[in-house]
There are 2 protein chains.
Amino acid sequence: MNATQTVAVVMAGGRGTRFWPRSRNARPKQFLAIVGTETLLHQTVRRLDGHVPPERIYIVTTEDLAEETRRMLPELPPENVIVEPEGRNTAPCLALALVEIERRVPNGVMAVLSADHWIADRDLFLADLDLAVAHAAGHRELVTFGIRPAYPETGYGYIESEGEGPVLKVCAFREKPPTEVAIQYLASGRHYWNAGMFVWTLADLRAGLQQHAPEVLAPLDAWVQAGAQPGSLAAAYHLLPKVAIDVALLEKAATVAVVPARFRWSDVGSWPAAIEFQTADANGNVTQGDTLLLNTRDSAFFGGTRLIAAAGVEGLIVVDTPDALLLVKKDQAQSVKDIVERLRAEGRSDLL
Amino acid sequence: MNATQTVAVVMAGGRGTRFWPRSRNARPKQFLAIVGTETLLHQTVRRLDGHVPPERIYIVTTEDLAEETRRMLPELPPENVIVEPEGRNTAPCLALALVEIERRVPNGVMAVLSADHWIADRDLFLADLDLAVAHAAGHRELVTFGIRPAYPETGYGYIESEGEGPVLKVCAFREKPPTEVAIQYLASGRHYWNAGMFVWTLADLRAGLQQHAPEVLAPLDAWVQAGAQPGSLAAAYHLLPKVAIDVALLEKAATVAVVPARFRWSDVGSWPAAIEFQTADANGNVTQGDTLLLNTRDSAFFGGTRLIAAAGVEGLIVVDTPDALLLVKKDQAQSVKDIVERLRAEGRSDLL
């Protein structure tokens, strides 16, 4: 075997309406600078600086976002932005990445990352990444990252581990649990959030898919054998089942390892989550842009070029964009979804 | 005496920062559509439709607002917009109006109105105006309008009346009272708010100023006698004492009458006052522009072209303009002044 070459595959096809009005159809979460001053996509790529060279960073996204993704990341070769003909969940996405990359970096170890997650503690992240890469290449196992639960979240899948040390054995993947089960997971010390980040050799990904989910790989292999014509990818891709890589591969594989993350992580699922990871001022306010705050507490102001002046405001999230303004109480952030639904029902596609 | 010709003099030189960010130096309150869909200036002029012809409606304003005032009121002869060289309070303002108008409408009866007050019940207003004009012309008295107090306001002057009937005798003008006195005034049934609206013949205004405040009139008379050159008005005007007409004339005059207003009136002194006179929806919300409200109560949204979406908001005033957004709790509306002060202190004149 040649020297290990780490390849990063950043999944960047996400949609999501929870960051409306900043997020729109043409501007999903990964394109937004909602935590910090850089977009989550930029942060994801920059986090690899000096660790994975640009020519081995790949982004998988959908057709409508490809051009903007290339524009935002001029340091990447344009062909490293791999275009999914349509969104069909993560197993097809990664199978496509596999057939695109294995021809270029045959001995690569693939690190699967998300374009729209927040990660702090870059050095710890890179150290954990190295650990996972070494384990995947050395032990030829599929490796996941596990996030130590901070609270009994019921919206994530859990990874149940056994053993000790920096790399643990996965004994089960657990579906999103009801609250009482999530509380047990939290207490066990052996359960981790499944953050959807993985490391494996390209060869092991291929072998695993061939064994456990051949229907996700075969149409793409046939497409490659027929010359990998861009014009015929859509037809092949449309044959792939819409399935997550966790279900198609990881839950079925005999041996999966988990690296308990030492870095801080969030999937930044809502405006309150985006606030949580930012430094607040003495009054508990988080601000972006031009603000003038009097007697205002525990609020967040995502401003643009306009001044936002507030007096007597408490517990409010304010998001200012050129064509829409959002005001939402922190404890009612789930209403953002309802607002977007309402706009959709009213046919206001200019705002979506 | 010839037939009575009513002349309306609309004082429109007001500034005021309490409606920031809608109100700016170049866009004072009278230029704003904060109550209803028309500006307060337009409402003031339209209220006289069919009652005082446009050629007898005069607007007194300052130089920087004159052009915009003429543009907004194309139905008025441009020369009916009388330009104060500088703001020197209401006595000089009305003295200037006097010397400008008495040459054109020698037998006129002058109704002094404010450009930035809100008045409902137009028919009652016009009936009260007729009553005041008839009294001023027939009894040759100075006439004021009195607003029946709705609560013990300490920020207004009061008119103390005696007698009965639709026109009462004024026995005293009372300064802004402390609360306990305001409560007595409220209870007396004889005290009215001084709304700063007056009716008198031009001849009586001249006679009154000559007797009680000649220093307000003499420099202007000299200016007229010297040919009323526009270029030399500023120098004459600058000689006039800065004094209110109430102090210069009304408090000194032997006989003043008051017409208790049957119409509803407000000087619209703050954003909450502007809300008070608008029809709220079932949740107590007042809206202007494009809004989408979920679980939102007792709030006001003064929007522009952008959508304002709110969820879980309560008791908030939101004012949206192209370059500044205001969010202020209803019970802290006095903070708007502080915001403007802060902007001034920070030299942000683009926002003032």
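**The sheet across the two chains**

A: Start where the chains meet. Strand E17 of chain A pairs with strand E15 (residues 307-311) of chain B in the parallel sense, over five bridges. Within that pairing, A:Leu325 stands opposite B:Ile308. Keep in mind that this is a predicted model.

Now the contact between the chains as a whole. Chain A gives 26 residues and chain B gives 26 residues. On the side of chain A that touches chain B, five elements each supply at least two residues: E13, E15, strand E16 (316-320), strand E17 (324-329) and helix H11 (335-345). E17(A) provides the largest share of that side, with six residues. By class, the side of chain A that touches chain B holds 16 nonpolar, four polar and six charged residues.

Six strands form an open sheet with mixed pairing. Their order is E13(A)-E15(A)-E17(B)-E16(B)-E14(B)-E12(B). Strand E13 (291-294) of chain A and strand E12 (286-288) of chain B stand at the edges. Each has a single partner strand, so one side of each is left without a neighbour in the sheet. Neighbouring strands of this sheet are turned by 10 degrees against each other on average, direction ignored.

Take E14 first. Strand E14 (residues 300-302) of chain B pairs with strand E16 (residues 316-320) of chain B in the parallel sense, over three bridges. B:Phe301 has B:Val318 as its bridge partner in E16(B). B:Phe302 stands opposite B:Val319 of E16(B).

Then take E17. E16(B) and E17(B) pair in the antiparallel sense over five bridges. B:Asp320 has B:Leu325 as its bridge partner in E17(B). A hairpin of three residues joins E16(B) to E17(B).

A helix also belongs to this picture. Helix H11 (residues 335-345) of chain B lies across E13 and strand E15 (307-311) of chain A, together with strand E17 (324-329) of chain B. The helix runs at about 135 degrees to E13(A).

Step back to the domains. Chain A is divided into domain 1 (5-266) and domain 2 (274-351). The C-alpha centres of these two domains of chain A lie 30 Å apart. Nine residues of domain 1 of chain A are in contact with 12 residues of domain 2 of chain A. The domain 1 side of that contact has five nonpolar, two polar and two charged residues.

Finally, the core. The largest nonpolar core has 235 residues. Those that touch the most other members are A:Val9, A:Val10, A:Tyr58, B:Val9, B:Val10, B:Tyr58 and B:Met110. Leaving aside neighbours within four places in sequence, B:Tyr58 is in contact with residues including B:Val9, B:Val10, B:Asn80, B:Ile82 and B:Ile101.

Note on methods
Residues are numbered from 1 along each chain as its sequence is written. Chains are lettered from A and ligands numbered from 1 in the order in which they are written. This is a predicted model: local features need pLDDT of at least 70, side-chain atom pairs count only at pLDDT 80 or more; totals for chains, interfaces and linings use all residues. A nonpolar core is a set of buried Ala, Val, Leu, Ile, Met, Phe, Trp, Tyr and Cys residues joined through C-beta atoms within 7 Å. A residue is buried if 20 or more other C-beta atoms lie within 10 Å of its own, exposed if 12 or fewer, and partly exposed in between; C-beta atoms are placed from the backbone. Two residues are in contact if their C-beta atoms, placed from the backbone, lie within 7 Å. Domain bounds come from an automatic or database domain assignment. Ala, Val, Leu, Ile, Met, Phe, Trp, Tyr, Cys and Pro count as nonpolar, Asp, Glu, Lys and Arg as charged, and the others, Gly among them, as polar. Two strands pair if DSSP finds at least two bridges between them. Helices (H or I, at least four residues) and strands (E, at least two) are DSSP runs, numbered from the N terminus. Axes are lines fitted to C-alpha atoms, for helices over the stretch in contact, and angles run from 0 to 180 degrees between N-to-C directions.
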